[in-house]
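Visitor: I would like to learn how to read a structure like this one, a feature at a time. Could you take me through it slowly?

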Amino acid sequence: MTGLLLLSIYVAAFFLCFFVSRFAVQKLFTKKDFTSLKTVTFGDESAVQANRAASVLSVVLVFLLWVAFTNSILPLPKATGPFVGEVQFTYTSTGPEGQTDDATVKILVYPEDIQFYKDTAGNPMAIPPKPATDPGDGFAKNDSLVVPRYGSKVINVLGNDEITKRGGAKVTHLNGQAVAFGGSVDISGGSLSLTEKGTPFFVPSPGLRMARLYLPAPELTLSRFLQLNAEGYRNFTLLEHTWASLQRVVLGFLFGTLIGVPLGYAMGLTNWSRGWFDPIVEFMRPVPPLALIPLMIIWFGIGEQSKIILLFLAALWIMAIAARSGVSGVAIAKVHAAYSLGASKSQILRKVIVPNSLPEIFTGARVAMGVCWGTVVAAELVAAEKGLGMMIMVASKFQLTDIVIVGIILIGIIGFLIDVGIRWLERIFVPWKGKI
Amino acid sequence: MSGLMIDNISMRFDLPGGGSVQALKNVSLNIKAGELMSVLGPSGCGKTTLLNIVAGFLAPTEGQIRLGENVVHGPGPERGMVFQQGALFEWMNVRDNVSFGPDMKGVSRKQSGPKVDHLLEVVGLQDFKEKAIYELSGGMQQRVALARCLANEPDVILMDEPLGALDALTREKMQSLVLDLWKETGKTIILITHSVEEALLLGERLLVMAPRPGRIHKEYNLPFADLGVGNDLRDVKRHADFSITREEILGMIWEMEEEIMGRTEAAQ
């Protein structure tokens, strides 16, 4: 349900921001370049430029939703939170001879992640004691208990009474209302019901925010990041984890490129090579690298070697196919021209085919890098000492969701930076791309 | 320099679906050194095939091409080629494109530099040496292609509709340029074109080819190329013989196209 709510808020915000920026503050974003004079933009891909204001708003919105739907301390709009504090109700016990007596139950709902907070002395806080209560008179005695938020508790109210369940007593009323077994009553701070066997059951209201276990608040994630950065995780600093993953990716990608590009050229240049390698490449290309992990472990063990070979295989086919289509994309007139200008085969390869296939190879490199980066995380899930994937996997086993989130954000940012880097190289090496 | 002998060329190849195509049949030609010959014909008459055979990109099934004493077996620098478009190297600037031929031969830039500079001046691109190819207009690009071909000092220049992609005005200027370059360098040129007017203006000899199988239909010897050198081509076009010959050739090609259409319709 919360998911649907989030989605509808997101969609609503998308359109709201669009109309607000379109009708109210559009002047801020209006450019006066040539493209701005095009009247046909719907359908003209070249006239569509990313609205940077929308990009900023989009990121801000994700952050706001993150704050709103977690128990963040940031002073920003929040969704209804989970109930925390004291709540009480009365129950009426009816004895075997029809005699009745009322008693009060005090419930203290405490934050489920209380042990992560420090008290004024700097010690981790403990689960609070049960609220003080006197037994009261009558055969039904008062109870008190503590429940964590997002938790629930079956309350054995008759256990301390003079007439217990075995003695024939049963709970017939809650807060003065008659309740049948399986029924429920409204109560502030949560829901109160009787189980099928007649025991009161209390669930404190969870609200719409997500518990720390499922999604830690932004400031918690940030402080975890700072802590990881300062102290490291599992004997290695965050930088070492990142570097370990990056190193595997770069090595696997480099080997894949070093073998894949010549392979692709060979397939693009000679009948024999194309015939020879075509079945292998076409067979291996659709096999997802993740499916090869078990085989890599069986063949090459669980060490660094098997991971790099896996990434090599992930990059190899992509680069081979990119290089092959790069060769087939060479206009035949260019090759003919070069031959009739006296170029030899090796000169044709170096001066015509290689430069002409660079755009395709760069596109392939971007895809291959993306796949390698995705594969490395999965590869590290199995027996790695360091790496971002290993960090995520181990943290998830200890339910340290904040570390998982830190890892995910780092993986995303680094993947994005790699892509930006390759595009930058592409602009330097292939300045003519898209201009012919 | 030596003449080009096209000796009884035939070309026939199998189609993947069965059957075969006779692209050229018994084409013989003798082109003297320094001649400018234009080739006309309806589409599918095999003129580009003929040019590719002369260039060495295709092997004829019969006959042979001889340049002087040498039989042509493949592409070579003595037969330069100018394409319609898209044959320049975008990853090089104008100067690097033009000096591609000398570079491939291992001639140092110091040696080839003056010649390259001179050629760029001849085609009017001296101020664009460092420009990238994609920054030039279509006409400028074809001038680079001409200069690149000339920088390699071929004996024969093969032109496959070199001006076909240009607008009318640029085309006219380029026609003058081709004539001037031809006179200045004295190269043998074979020019394939779709434009009857261009073929008449530039060709010392004009070859009309007929399709299915591709063969020589008629040959003309024309005075217009010599008239046009250094002169306004529009004056040449006003020459009385010019329009007579143009109409004659147009009618000839028109008839052939009609015949092809009729045949295709009948086949359907």
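**Reading the model, feature by feature**

Guide: Leaving aside neighbours within four places in sequence, A:V154 is in contact with A:T195, A:T199 and A:F201, where two residues are in contact if their C-beta atoms, placed from the backbone, lie within 7 Å. This is a predicted model, in which local features need pLDDT of at least 70 and side-chain atom pairs count only at pLDDT 80 or more, while totals for chains, interfaces and linings use all residues. Residues are numbered from 1 along each chain as its sequence is written, and chains are lettered from A and ligands numbered from 1 in the order in which they are written.

Visitor: In which element is A:V154 found, and does A:V154 count as buried or exposed?

Guide: A residue is buried if 20 or more other C-beta atoms lie within 10 Å of its own, exposed if 12 or fewer, and partly exposed in between, with C-beta atoms placed from the backbone. A:V154 is found in strand β4 (residues 153-154) of chain A, and A:V154 counts as exposed because it has 11 C-beta neighbours inside 10 Å. Helices (H or I, at least four residues) and strands (E, at least two) are DSSP runs, numbered from the N terminus.

Visitor: How is chain A divided into domains?

Guide: Domain bounds come from an automatic or database domain assignment, and here they give domain 1 (2-68), domain 2 (85-204) and domain 3 (220-429) of chain A. The centres of domain 2 and domain 3 of chain A, taken over C-alpha atoms, are separated by 59 Å.

Visitor: What is the order of the strands in the open sheet of chain A?

Guide: Two strands pair if DSSP finds at least two bridges between them. The open sheet of 5 strands in chain A has the order β3-β2-β1-β5-β6, with mixed pairing. Strands β3 (143-148) and β6 (177-178) of chain A stand at the edges, each with a single partner strand, so one side of each is left without a neighbour in the sheet. Within the sheet, β1 (residues 85-94) and β2 (residues 100-110) of chain A pair in the antiparallel sense over 10 bridges, and the bridge partner of A:T90 in β2(A) is A:T104.

Visitor: How many residues has helix α11 of chain A, and how far does the helix reach?

Guide: The expected span of a helix is 1.5 Å times one less than its number of residues. Helix α11 (residues 401-429) of chain A has 29 residues and reaches 42 Å from its first C-alpha to its last, close to the 42 Å expected. Among the buried residues of α11(A) are A:T401, A:G407, A:I411 and A:I418, and what covers the buried residues of this helix includes α3 (218-231), α9 (345-379) and α10 (388-397) of chain A. In α10(A), the buried residues include A:L388, A:M390 and A:A395, and the buried residues of α10(A) pack against α4 (238-269), α9 and α11 of chain A. Just after α10(A), A:Q399 takes a positive phi of about 55°.

Visitor: How many residues of chain B are in contact with chain A?

Guide: There are 20 residues of chain B in contact with 17 residues of chain A. On the side of chain B that touches chain A, β6 (79-82) and α3 (100-105) of chain B each supply at least two residues, and α3(B) gives the most, with 4 residues.
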